[in-house]
Amino acid sequence: MDYTMTRRVDGPFQDIVDSTIEALEEEGFGVLSDINLQAKLKEKLGLEGYPEYRILGACNPPLAEQGLDAERDLGTLLPCNVVIYEDDDGDVVVSAVDPQTLLGVVDNPDLDGIAGDVRDRFDRVLDDVAAEY
């Protein structure tokens, strides 16, 4: 099962993170959390040399409200994660959870339109970041 939407980009890692955050903001998402997995693994496990890996917790408040009104437990699946990481070849990958796949586990047709809207917005975010590099 494909559960992500992914683009490969060529550019400086931090610049791509910044561009991703800007593109998310242009689509109405705020970044509620920004986890630097590389730093956390070094801090907690002493791992050196782990590739760059950031997890952004993105939320669009009006869409989140609509979703929560339709399905109160939806908060267990929020925020939507967008990750930026270096792959084994040193390329930078930007990947977002596919909201249609994610919300498919809920089996509530009232969420279908919201999932489609979020998916369209994530497509534009990923396309904008990929086009920049």
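In this predicted model, helices α3 and α5 cross at roughly 155°, and their axes come within 10 Å. Angles over 145 degrees count as roughly antiparallel, and α3 and α5 are therefore roughly antiparallel to each other. The crossing of these two helices is left-handed. On the α3 side the contact is formed by L63, Q66 and G67, and on the α5 side by I114, D117, V118 and R121. Sorted by class, the residues where α3 meets α5 comprise three nonpolar, two polar and two charged.

Helix α5, which spans residues 112-132, also packs against α1, the helix of residues 13-26. Here the axes are 9 Å apart and the angle is about 140°. That value makes α1 oblique to α5, and the crossing of the pair is right-handed. From α1, the residues I16, S19, T20, A23, L24 and E26 take part, and they meet F122, V125, D128, V129 and E132 of α5. The contact of α1 with α5 contains six nonpolar, two polar and three charged residues.

Turning to the sheet, five strands are arranged in the order β1-β5-β4-β3-β2, with antiparallel pairing, and the sheet is open. At its edges stand β1 (residues 4-9) and β2 (residues 30-36), each of which has a single partner strand, so one side of each is left without a neighbour in the sheet. From one strand to the next, the twist averages 20°.

Strand β5, residues 92-97, pairs with β1 in the antiparallel sense through six bridges. Within this pairing, T6 is placed opposite S95 of β5.

One of the residue pairs here links R54 with its bridge partner I84 in β4. A helix is found over this part of the fold as well: α2, residues 37-45, lies across β2 and β3 and runs at about 40° to β2.

The peptide bond leading from L78 to P79 is cis, and its omega is near -5°. The other topic is D107, a residue of the loop between α4 (residues 99-104) and α5. D107 is a residue other than glycine, yet its phi is positive, near 55°. The relative accessibility of D107 is 69%, and residues over 50% count as exposed, so D107 counts as exposed.

Definitions and conventions. Residues are numbered from 1 along each chain as its sequence is written. This is a predicted model: local features need pLDDT of at least 70, side-chain atom pairs count only at pLDDT 80 or more; totals for chains, interfaces and linings use all residues. Side-chain values use heavy atoms; hydrogens and water are left out. Two strands pair if DSSP finds at least two bridges between them. Helices (H or I, at least four residues) and strands (E, at least two) are DSSP runs, numbered from the N terminus. Axes are lines fitted to C-alpha atoms, for helices over the stretch in contact, and angles run from 0 to 180 degrees between N-to-C directions. Contact means heavy atoms within 4.5 Å. Buried means under 20% relative accessible area, exposed over 50%, partly exposed in between (1.4 Å probe, protein chains only). Angles under 35 degrees count as roughly parallel, over 145 as roughly antiparallel, 65 to 115 as roughly perpendicular and the rest as oblique. A crossing is left-handed if the near helix is turned anticlockwise from the far one by less than a right angle, and right-handed if clockwise. Ala, Val, Leu, Ile, Met, Phe, Trp, Tyr, Cys and Pro count as nonpolar, Asp, Glu, Lys and Arg as charged, and the others, Gly among them, as polar.
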